[in-house]
Structure formats: structure tokens, C-alpha cells
Amino acid sequence: MKMIKSFKFDLVSLSLYFICFFLFAGFYAGLGLIISFLGNDLTRLYSVPIRLFCSLIMLFWVIKNINYKFENIGYFYSILLFLTFLLVTYIVDLYEQLKFFNIKLEYIMYVIVYCIIPFLFFSYSKYNKIREILENSIVLSGLFLNLVAIFLYKDLISSGIARISFLQYESDEGFLSPLSLSYASSLTMSICFCKLVSMKFKKESFVLILTLISSFIPFSLGASRGSILTLFFSLFIYFLFLKDTRIKIKVLAVVPFAILCLIFATNKMGSAVFERFLGIGNSYESNDTSVTNRLSQWEQAISYINESPILGGHFLINDVYPHNILLEIFMGQGVILFLIFLFLIFYTLIKAIKINMRNDYLILVIFLHGIIMSLFSGSINTAILLFTSFGLLCSAMNYYKG
């Protein structure tokens, strides 16, 4: 009852919850329902309105708080200039290569919707309020995704083949992206775990435990090697830079048991994601396309960098991005923007670690998920978690005064 009474059902709070709910896991849960019931052809009737509506609310919020003064104005404008330059290079390339479409028009829209607007929105938000809303939304949207995954793929789970990528290319049925499921559940598990060990046991803990355990299912369904890295590094760096000895002891007591449960659950469902991770070398030797194709893309990206390291100019490899944002920026925008971006990454990591020492883990966990995921999957123009963490850090530096 106390939690219900403390929640304010005003329009502003509801709009903020809506944005944060559909930021990541909630969006993919809805997408999974659309794919399963209406098919892949109608996904844009869901994705475009949701992203557009969220973007309009975020823009309204930014305009409303436009006089917001930043504690670290240099960091804010460095990211904004980076994004502006990124957008300009896309626009120029589209204009010059209209006959070849080296850059697709939708990628320009992705930069605006997934990067620029979320960065501005979280930068212009009051940290103490948006932090609580975002953290609760990640848990609730993660739980929603878990329930959707159980409902949609219950037959797959019970069959002992709980890995979507086994079937998604062998069936006419629609499947949600394995990467979306895996990374979203990894983020949910990380937030639930950090929140559980840093708080006293109360009624809310049951929801966190339920969400944490049920996240094993979409994690197994996705079976992404990269999501193991996001989960490991998020919890390891969180633990490494904790100052509270009491919480460290709780982490050391719980983690071994949690790992065993996760390994048992994934093996029981037939996912064997940990075996896939440890067997990367064998996958390469056996010519597993999930490994060799990615390595081939990276090799091609490096060759493009060698051709034009100063100015870049190569944005895609065989009409797709190279699935590594560092290589993507280097080959696309050149060495100067690459070095600027590298500086921003290390600066954000250092600041996020300092904030984590205050027992505020949210920015660190979201940032690590954003950057690690982007090193193996996706593109800079869809790195919404990464630019969310940048915006949160801008807001947090105001709250903590540095």
C-alpha cells in the first residue's frame, strides 16, 4: 500500500513511465506480440508509432526544460557535437550517393530517434526523479517481456529446444530477434540483482526475485554470447568498485548460487548458451557462420580503415553495418571522430564508476550493456542504451555536483 500511495498518477509521471517502459525490453515485448499474432509485415504499424510518440514526448520535455544548466557543459556539448557530425556525414553521403544508397535514409532517422532525442531527454531530466522511474520501468518491462516470452514460446521451451535461432530460419513463423531477448533479459537481471543486494528485504523483493528468475527464459531463448559478457562485466565491475562491505559480502554469497541456477536453467531448456560461449574456438574451426561472418565483417571494416583512415567514408559492408561501433565509426567518420568517441567512452566509464561508489549502479550497468552490446551487435545509430547512459550521466553530474 505504501508503494501505491507514493506513486503519483499525474500526466508527467505517466508519460515518463511510458517512455522508460518502451525504451528497451517493453518495446521488444510488444514487438514480439505483433510478430507472433500479426506477422513480420505489420511490425512497422507498431514500431513507428511507438517510437514516434515517445520521441515527441521526449522532445516536448527537452523544450520544457531548455533552460536547464549543466554542471559539466563540456561533456554535454562534446556528445552533442559528436552526434551532429555523425548525422551530417550520413546526410552528405546520402546526397552524394543517391544512385548507390551507400547510406539508407532510415539510418538518418535512427540517429535522431535512437541517439539524439534519448540523449537530450535524459540529459534534461532531473536525475533523482528519472532514475527511480527508469529503474522501476526496466524491472517492470523486463517482467512483461519474460511473461510474453513464456506465453509465445511455451511449446519451444517444453520441447527442450529453447533457443530461437535454431528455428527462426527454418520456419515460416515469426520470431522475435534472439539478440533482443538475450540483451534485454541480461539488463533486467543485472538491475534486479544490484537492487536486491543493495536494499533490505521487503515486499518489493518478491517482484525482483520473480523478475530475475523468469529472465532466465528469454536469456536462454536468445542464447547470445554477447549477453553473457554484458551480464558478467556489469556485475563484476559493479562489485569491484563497491565501497559498502556489507553489500560486497551479500554479492559474494549470492553470485555463485545464481550462476549455478542460470547454467542449470539454460541447459535444462536446451539453450547451452554457456557452452556456446566457451566453445567459440571450436565454432570458428567448424566454420560456424555466427562466428565466421562476424569476423569477416570486421576484417572488411579494417581494410576500409586502411584505405581511408583520416576521412573515413565507408559506412556499410555489403549493405549492413559491421556490428562493432568502434570499427564502424573509424571506417565511416575517420580517425578524429573515432578518437573523440573513444575519449567519451573512457570518460563515461570513469564517471559511472565514481557514481557506482555512491551505491548508485544504474548508469554503470546501462552504460556497460550499451557499449558491450554495440561491440558485437547493432550499429552506432541504434545504440539507444549507450546514449541513454550518456544522458543520465549529464543529469547525474548535476545532481552529485561533478
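Which side chain meets Lys195 in a salt bridge? In this predicted model, the partner is Glu204, with N and O 2.7 Å apart. Both Lys195 and Glu204 are buried. They also belong to a network, where salt bridges with shared partners join Arg131, Glu135, Lys195, Glu204 and Asp360.

**Salt bridges**

- Here's the general idea: oppositely charged side chains can pair up when their charged atoms come close.
- The count for this structure is six salt bridges.
- One of them pairs Arg131 with Glu135, and their closest N and O atoms are 3.2 Å apart.
- You'll find Arg131 and Glu135 in helix 7 (residues 127–152), four residues apart, or about one turn of the helix. Both of these residues are buried.
- Another salt bridge brings together the side chains of Glu106 and Arg44, at 3.4 Å from N to O. This pair ties distant parts of the chain together, 62 residues apart: Glu106 is in helix 6 (residues 105–123) and Arg44 is in helix 4 (residues 44–64).
- Glu106 is partly exposed at 30% relative accessibility, while Arg44 is exposed at 52%.

- Most residues other than glycine have a negative phi.
- His323 has a positive phi, near 60 degrees. Look for His323 in the loop between helix 16 (289–307) and helix 17 (325–333), where it counts as buried at 16% relative accessibility.
- Asn359 has a positive phi too, about 65 degrees. Its loop runs between helix 18 (335–356) and helix 19 (362–376), and Asn359 is partly exposed at 28%.

**Cysteines**

- There are zero disulfides in the structure.
- Cys115 is buried at 0% relative accessible area, and Cys394 is buried at 3% relative accessibility.

Technical notes: Residues are numbered from 1 along each chain as its sequence is written. This is a predicted model: local features need pLDDT of at least 70, side-chain atom pairs count only at pLDDT 80 or more; totals for chains, interfaces and linings use all residues. Side-chain values use heavy atoms; hydrogens and water are left out. A disulfide is a pair of cysteine sulfur atoms within 2.5 Å. Buried means under 20% relative accessible area, exposed over 50%, partly exposed in between (1.4 Å probe, protein chains only). Helices (H or I, at least four residues) and strands (E, at least two) are DSSP runs, numbered from the N terminus. A salt bridge is a side-chain nitrogen of Lys or Arg within 4 Å of a carboxyl oxygen of Asp or Glu.
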